[in-house]
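Subject: Structure handover

Hello,

Here is the structure for you to look at. My notes on it follow below.

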Amino acid sequence: MKPIRGQCACGEVAYQLERPPLYVHACHCTRCQRETGTAFALNAMIETSQLTVLRGHAQFAKLPTDSGNRHWAACCPRCHTLLWNAHGSRSPVIVYLRVGTLEAPQAWPPQAHIFVRSKLPWMVLEPAVPAFAAYYDVAGTWPADSLARYAEAKAARAAKAARP
Ligand SMILES: [Zn+2]
Ligand SMILES: [Zn+2]
């Protein structure tokens with residue numbers, strides 16, 4: 001497998017994915033619109049354990065979400081490009097990586113559109129790609145191998161937490 005690498009706009013922070021993303025979705029929620037300054041965010045879900053920072057250190061900003069919770073946004077300390085989002089903690093089981101920061105974003109088109117209830121009206125979606133009014137049922141939507149990887153990552157995290 002060719003390494004899946006990405007970086008921020010200035011190049012201070014660079015990273016690599018050790019496995020392909022679990023799933024890619026385009027999020028049209030109002031928070032993603034504000035965070036990106038555009039119509040939607042293109043997020044690739046990846047296990048935190050499979051994301052290696054090759055260079056630099058991301059800085060974390062705590063931001064509000066549409067669900068009322070807060071999440072951590074990992075940004076370059078120099079150019080402030082947002083590289084990934086971490087929900088719940090700075091190092092959760094999976095992170096939401098910004099596909100546009102990858103070296104080859106064209107390789108990762110969205111497998112679903114979510115929060116289309118706040119989609120900008122001029123944006124026309126490909127009818128073949130599933131669209132959800134808000135969030136979606138991961139168990140009923142992700143491919144089986146991604147669900148298996150997700151379950152494995154959750155089990156590994158629980159085992160780590162249980163260790164004295
Ligand atoms: Zn940067
Ligand atoms: Zn969103």
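Two strands pair here if DSSP finds at least two bridges between them. The names come from DSSP runs, numbered from the N terminus: helices are H or I runs of at least four residues, strands are E runs of at least two.

Before the details, some ground rules. This is a predicted model: local features need pLDDT of at least 70, side-chain atom pairs count only at pLDDT 80 or more, and totals for chains, interfaces and linings use all residues. Residues are numbered from 1 along each chain as its sequence is written, while chains are lettered from A and ligands numbered from 1 in the order in which they are written.

**Overall layout**

The protein has three helices and 10 strands. Along the sequence they follow the pattern β-β-β-α-β-β-β-β-β-β-β-α-α. The radius of gyration is 16 Å, close to the 15 Å that the globule rule gives for 164 residues, so the protein is as compact as a globular protein of that length. That radius is taken over C-alpha atoms, and the rule is 2.2 Å times the number of residues to the power 0.38. Along the principal axes, the C-alpha atoms fill a box of roughly 50 × 35 × 35 Å.

Of the 164 residues, 30% count as buried. Buried means that 20 or more other C-beta atoms lie within 10 Å of the residue's own; exposed means 12 or fewer, partly exposed is in between, and C-beta atoms are placed from the backbone.

The angles are between axes, which are lines fitted to C-alpha atoms (for helices, over the stretch in contact), and run from 0 to 180 degrees between N-to-C directions.

Start at E6. It pairs with E7 (residues 70-75) in the antiparallel sense over six bridges. Phe60 stands opposite Ala74 in E7. E7 then pairs with E8, again antiparallel, over five bridges. There, His71 has His87 as its bridge partner.

E7 and E8 form a hairpin with six residues between the strands. His80 lies in that loop. Its phi is positive, about 65°, although His80 is not a glycine. With 13 C-beta neighbours inside 10 Å, His80 counts as partly exposed.

E8 and E9 run antiparallel, joined by two bridges. Asn85 stands opposite Tyr96 in E9. This hairpin also has six residues between its strands, and Gly88 in the turn has a positive phi of about 90°.

**The core**

Which residues touch the most other members of the largest nonpolar core? They are Cys27, Met45, Ile46, Leu83, Val95 and Leu97, in a core of 35 residues. Such a core is a set of buried Ala, Val, Leu, Ile, Met, Phe, Trp, Tyr and Cys residues joined through C-beta atoms within 7 Å. The elements giving two or more residues to it are E3 (23-27), E4 (41-47), E7, E8 (82-87) and E9 (94-98). E4 gives the largest share, five residues.

**The three-stranded sheet**

A further open sheet has the order E1-E2-E5, with antiparallel pairing. E1 and E5 (51-55) stand at the edges, each with a single partner strand, so one side of each is left without a neighbour in the sheet. Here neighbouring strands are turned by 25° against each other on average, direction ignored.

Four bridges join E1 (residues 4-7) to E2 (residues 14-17). Ile4 stands opposite Leu17 in E2. The two strands form a hairpin with six residues between them, and Gly11 in the turn has a positive phi of about 90°. Four bridges also join E2 to E5. Tyr15 has Val53 in E5 as its bridge partner.

**Two last places to look**

Is helix H3 buried or largely in the open? Of its 19 residues, the number buried is one, so H3 lies largely in the open.

Phe115 sits in the loop between E10 and helix H2 (138-141). Its phi is positive, about 55°, although Phe115 is not a glycine. With 24 C-beta neighbours inside 10 Å, Phe115 counts as buried.

Best wishes
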